[in-house]
Amino acid sequence: MNVLILGSGGREHAFTWKIAQSKKLENLYIAPGNAGTSQCGTNVAISPTDFESVKHFVWEKNIHLVVVGPEDPLVKGIHDFFLNDEVLKDIPVIGPGKDGAMLEGSKAFSKQFMIRHKVPTAAYRSFTKETLKEAEAFLKKLNPPYVLKADGLAAGKGVLIIENEEEAFMELKSMLTEGKFGSAGNTVVIEEFLKGIECSVFVLCDGNSYKILPTAKDYKRIGEGDTGLNTGGMGAISPVPFANNEFLQKVEQRIIIPTIEGLKKDNISYKGFIFIGLMNVGGDPFVIEYNCRMGDPETEVVIPRIKNDLLELFEHVAAGKLSELTLETDERFAATVVLVSGGYPGEYQKGKTITGLTRETNCMVFHAGTRSDGEEIQTSGGRVFAITSFGNSINDATSKSFSCAEKINYEGKYYRSDIGKDLI
């Protein structure tokens, strides 16, 4: 098979790394990819949202399957673009159509979906700048901390959790009237704060049946001890110790099944990943958010634990025959530590030369924000690497990843040294 992966981050490198191992694969292309994906396939200089260029490439290279990594092309309707094109309509796309992608594309839509299909979630209301006064009145009724969510896509940074009521009012006004998150913040969802432990559950769906993938917990804050600004993710652990069989049975019965059945009832054909961000509140799961794709860096701990041929799984998703396969997983712990550029998630510099990449032995180094410049590999993003290791315990796995992180060097390198400690 000839396969095209859309995206350029650590998630896409993990997909590339896994698919490259498939006996079914003939040629693998990544658009646009990074310095790491080029070691497993061929990078092509095409934006994932340039649908016409994607179309021409798919036709030219006789692509048999397209895997969409990031949310942006899904929310903009790349799956629909394929279905509505005479040339592309029979080429499978792993990722939902525009209607299914709205589970991530609009916080208000996803909350309405949850309420409609009785999926447990926090109480909420949605507001625009025209209803700012009502929003402020609603905030006064809540107990701190206050949760403000930009309705649209904001690169994983559109959720604010604020302890102070006055600060919450200021941030709300900034989002609705000053464009803090651009058009993504034209509508703001204010919701009740759920106190508990977060966990991510991933489901691969073929439109009818589904497989529950390994659980993971990620770390969003830039600073040790979950302090500082939100990021795209500073690390992840899989599996999550508290997500035992009893808890996962609750997740499946109360959340996954109602979600899959709800999509069917709403006539939404969904073929791809559903990322369910959960809060464990006293042993009961509540949905914080849906995403219409795999998480990053969660992909980098989940995909290595899947023993199946990923390309075969995707073939069965496309054919609506996922139920015919049995998912096999590695029982060991996996730990991912993310290396970022100095200054991230604020302003940071690119183009820093990276050394030490050939010295790692006990880990998988997934490139996120890197590019090749002749013989050199340089930084090109805020998150630069996701380093994943296996271990028989969380401490064993994280120790290996931290050791590998020390061997890789570039100016301004930073990573959190407490990933997984809260789970030990």
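1. In what kind of crossing does helix 7 pass helix 8? The crossing is right-handed. Keep in mind that this is a predicted model. Helix 7 covers residues 132-141 and helix 8 covers residues 165-177. Their axes lie 11 Å apart, and the packing angle is about 155°. Angles over 145 degrees count as roughly antiparallel, so helix 7 is roughly antiparallel to helix 8.

2. Now the residues behind that pairing. Helix 7 contributes Leu132, Ala135, Glu136, Leu139 and Lys140. Helix 8 answers with Glu165, Ala168, Phe169, Leu172, Lys173, Leu176 and Thr177. Sorted by class, this contact holds seven nonpolar, one polar and four charged residues.

3. Next, helix 5 (residues 98-105) and helix 6 (residues 107-116). Their axes come within 6 Å and cross at roughly 100°. The range of 65 to 115 degrees counts as roughly perpendicular, so helix 5 is roughly perpendicular to helix 6. On the helix 5 side, the contact uses Asp99, Met102, Leu103, Glu104 and Gly105. On the helix 6 side, Lys107, Phe109, Ser110 and Phe113 take part. The class count is four nonpolar, two polar and three charged residues.

4. A further pair joins parts of the chain numbered 10-19 (helix 1) and 310-319 (helix 11). These helices pack at about 100°, with axes 8 Å apart. That angle makes helix 1 roughly perpendicular to helix 11. Phe15, Lys18 and Ile19 of helix 1 meet Leu310, Leu311 and Phe314 of helix 11. Five of these residues are nonpolar, none is polar and one is charged.

5. Which residues touch the most other members of the largest nonpolar core? They are Leu4, Val66 and Phe385, in a core of 71 residues. Helix 9 (residues 245-265) gives the most to this core, with six residues. In soluble globular proteins, nonpolar side chains tend to be buried together.

6. A separate core has 41 residues. Among its members are Phe202, Ile306, Val338 and Val340.

7. Leaving aside neighbours within four places in sequence, Phe385 is in contact with Val337, Val338, Leu339, Ile354, Leu357 and Val365, among others. The list also includes Phe366, His367, Ala368, Thr370, Ile408 and Tyr410. One of these contacts, Val338, is a member of the 41-residue core.

Key
Residues numbered from 1 in each chain as written. Predicted model: local features only at pLDDT ≥ 70, side-chain atom pairs only at ≥ 80, totals over all residues. Heavy atoms only, no water. Axes fitted to C-alpha atoms, helices over the stretch in contact; angles between N-to-C directions. Helix = DSSP H or I, 4+ residues; strand = E, 2+ residues; numbered from the N terminus. Parallel < 35°, antiparallel > 145°, perpendicular 65-115°, else oblique. Left-handed = near helix turned anticlockwise from the far one by under 90°. Contact = heavy atoms within 4.5 Å. Nonpolar A, V, L, I, M, F, W, Y, C, P; charged D, E, K, R; others polar. Core = buried A, V, L, I, M, F, W, Y, C linked by side-chain atoms within 4.5 Å. Buried < 20%, exposed > 50% of the residue type's maximum accessible area, 1.4 Å probe, protein only.
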